[in-house]
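Take a moment with the sequence and the model before reading on.

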Amino acid sequence: YDHAAARVLPTVYERTTAASQAAGAINLGQGFPDAEGPHWMRQTAAAAITSEVGPTNQYPPGIGLPAFREAVAEHQQMHYGLTLDPQQQVLFTTGATEGIAASILAFADPGSEVVTFEPWYDSYGAMVALAGAALHTVPLTAPNFRPDVAALRAQVSDRTSMILLNSPHNPTGTVFTAEEITEIVEIAREAGAVVMSDEVYEHLVFDESVHTPVLSVPGAEEVAVAVSSVGKSFSMTGWKVGWVTGSAELVNRVRGVKQFLSYTSAPAYQWATAEGLRDDRGFFAANQVQLENSRELVMAGLEAAGLRAYRPAAGYFVLADVSAVTAKSAADYAAELIQHAGVGAIPVSTLTLPSTQRDAASELNHLLRFAFCKDEQVLERAMSRLGQWI
Ligand code: PMP
Ligand code: GLN
């Protein structure tokens with residue numbers, strides 16, 4: 001991992017957005033929806049900002065508004081049957097990103113090792129480096145991108161401070177089974193490591209797949225914290241309302257770090273998120289149907305263009321292998337696609353270790369990630385551009 005570069009380079013998502021804008025390309029790189037989230041939640045946030053009652057515009061408690069923490073606890077109970085004490089087991093964070101950062105800084109001691117699956121969500125690599133720990137990975141491989149739990153066990157040792165789990169997984173869309181998550185928690189317990197489970201795609205799960213929250217598996221309470229946020233579940237990535245749940249002891253350690261990152265953030269968004277978490281008014285189900293349709297549109301478009309596309313079980317990204325149409329790496333090909341086809345996508349190699357990037361045999365160097373959380377007309381235009389150019 002290039003520690004120095006991480007401090008100065010914009011993220012691959014921002015670079016792709018900027019390059020797409022500069023080239024007039026359709027941006028299927030950075031994962032943010034075209035459609036705004038529920039209007040009623042936005043009205044609640046607006047009312048909280050402009051009225052003289054409610055949460056006002058001053059610092060809310062660092063751990064989050066009481067109503068927000070209660071709503072997270074209610075949501076976990078209603079959807080997963082989990083009982084959490086909103087006072088001690090729920091922490092507000094500024095997006096899942098801050099929950100991830102604070103968890104890694106809380107538990108990944110300098111000089112220790114952190115293990116995760118590869119490709120990963122970009123902030124994991126950066127935060128592990130900034131914590132002064134070393135990242136070790138286990139690849140998720142095509143066509144199914146299932147986790148090899150035995151390979152994970154082989155990477156874990158008494159130097160391991162954390163295992164970073166992400167299910168549903170970005171960018172593969174893999175939904176880990178309850179058995180896989182149970183085994184991962186067991187491995188962490190044996191090693192005395194903490195599991196951080198990133199569950200931001202918990203409500204974007206398709207077909208027969210079922211999301212298993214880490215805190216629902218046996219033994220997790222002693223070793224695991226879960227992270228989620230409003231951004232994906234309610235299609236409002238700009239709100240940056242997230243939450244960390246777990247035992248009082250572990251959540252308190254995350255709180256200790258979090259207070260020196262942002263301390264707190266806008267109460268109006270916490271207030272409105274609480275309303276949505278208590279009752280989504282059918283938004284989750286409608287959004288899923290919409291995304292399933294978009295997924296099929298993009299799958300068909302990528303395959304018609306000659307790419308091998310892998311149907312995701314969750315999230316809003318499709319991975320496609322470019323090796324049938326080019327001898328170039330996906331990173332080089334992505335630059336060409338933006339310039340010549342007018343479509344932005346993320347090379348999956350940017351979400352892997354440098355050793356993987358240098359490994360010509362790794363299929364991860366031939367994969368592109370296309371976001372499908374966009375208007376259908378936009379997706380159709382993008383697919384037709386790809387079909388014409390490739
Ligand atoms: N984790 C994963 C796996 C993500 O894809 C993202 C991007 N939404 C985040 C965390 C960051 O979430 P937030 O925008 O709430 O900080
Ligand atoms: N989560 C978004 C993605 O995976 C990007 C968020 C960001 O730009 N940091 O595309």
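At what angle do helix α5 and helix α6 pack, and how far apart are their axes? This is a predicted model. In it, α5 covers residues 95-107 and α6 covers residues 122-130. The two helices pack at about 30°, and their axes are 9 Å apart. The crossing of α5 and α6 is right-handed. On the α5 side, the contact is made by T97, I100, A101 and I104. On the α6 side, S123, Y124, M127 and V128 take part. Sort these residues by class, and the contact has 6 nonpolar, 2 polar and no charged residues.

Stay with α5, and turn to ligand 1. Thirteen is the count here: 13 residues surround ligand 1. The closest are G95, A96, T97, N170 and S229. Helix α5 gives the most to this shell, with 3 residues. Both α5 and α10 (230-233) supply at least two residues each. By class, the shell around ligand 1 divides into 3 nonpolar, 8 polar and 2 charged residues.

Next comes ligand 2. Around ligand 2 sit T11, Y13, Q30, G31 and N170. Its shell has 1 nonpolar and 4 polar residues, and no charged ones.

Is A382 buried or exposed? A382 is found in helix α16, residues 376-389. A382 is buried, because 27 other C-beta atoms lie within 10 Å, and 20 or more is the mark for a buried residue. A382 touches I26, L28 and V343, leaving aside residues up to four places away in sequence. A382 and G301 are 81 residues apart in sequence, yet their C-alpha atoms are 8.6 Å apart in space. A151 is found in helix α7, residues 149-155. A151 counts as exposed because it has 12 C-beta neighbours inside 10 Å. From A151 to P139 is 12 residues in sequence and 9.0 Å in space, C-alpha to C-alpha.

The backbone has some details to find as well. The peptide bond from E118 to P119 is cis, with omega near 0°. P119 lies in the loop between β3 (113-118) and α6. The bond from S167 to P168 is cis too, with omega near -10°. P168 is found in the loop between β5 (160-166) and α8 (178-191). Then check phi. T56 is not a glycine, but its phi is positive, about 55°. T56 lies in the loop between α3 (39-50) and α4 (66-80). F145 also has a positive phi, near 55°, and is not a glycine. F145 is in the loop between β4 (134-139) and α7.

Finally, step back to the whole. The protein chain has 16 helices and 13 strands. Its C-alpha atoms fill a box of roughly 55 × 50 × 40 Å along the principal axes. A compact globule of 390 residues would have a radius of gyration near 21 Å, and the chain's 20 Å agrees. Buried residues make up 53% of the 390. Of the contacts with a separation of 6 or more, 73% join residues 24 or more positions apart.

Notes: Residues are numbered from 1 along each chain as its sequence is written. Chains are lettered from A and ligands numbered from 1 in the order in which they are written. This is a predicted model: local features need pLDDT of at least 70, side-chain atom pairs count only at pLDDT 80 or more; totals for chains, interfaces and linings use all residues. Axes are lines fitted to C-alpha atoms, for helices over the stretch in contact, and angles run from 0 to 180 degrees between N-to-C directions. Helices (H or I, at least four residues) and strands (E, at least two) are DSSP runs, numbered from the N terminus. A crossing is left-handed if the near helix is turned anticlockwise from the far one by less than a right angle, and right-handed if clockwise. Two residues are in contact if their C-beta atoms, placed from the backbone, lie within 7 Å. Ala, Val, Leu, Ile, Met, Phe, Trp, Tyr, Cys and Pro count as nonpolar, Asp, Glu, Lys and Arg as charged, and the others, Gly among them, as polar. A residue is near a molecule or strand if its C-beta atom, placed from the backbone, lies within 6 Å of it. The radius of gyration is taken over C-alpha atoms; the globule rule is 2.2 Å times the number of residues to the power 0.38.
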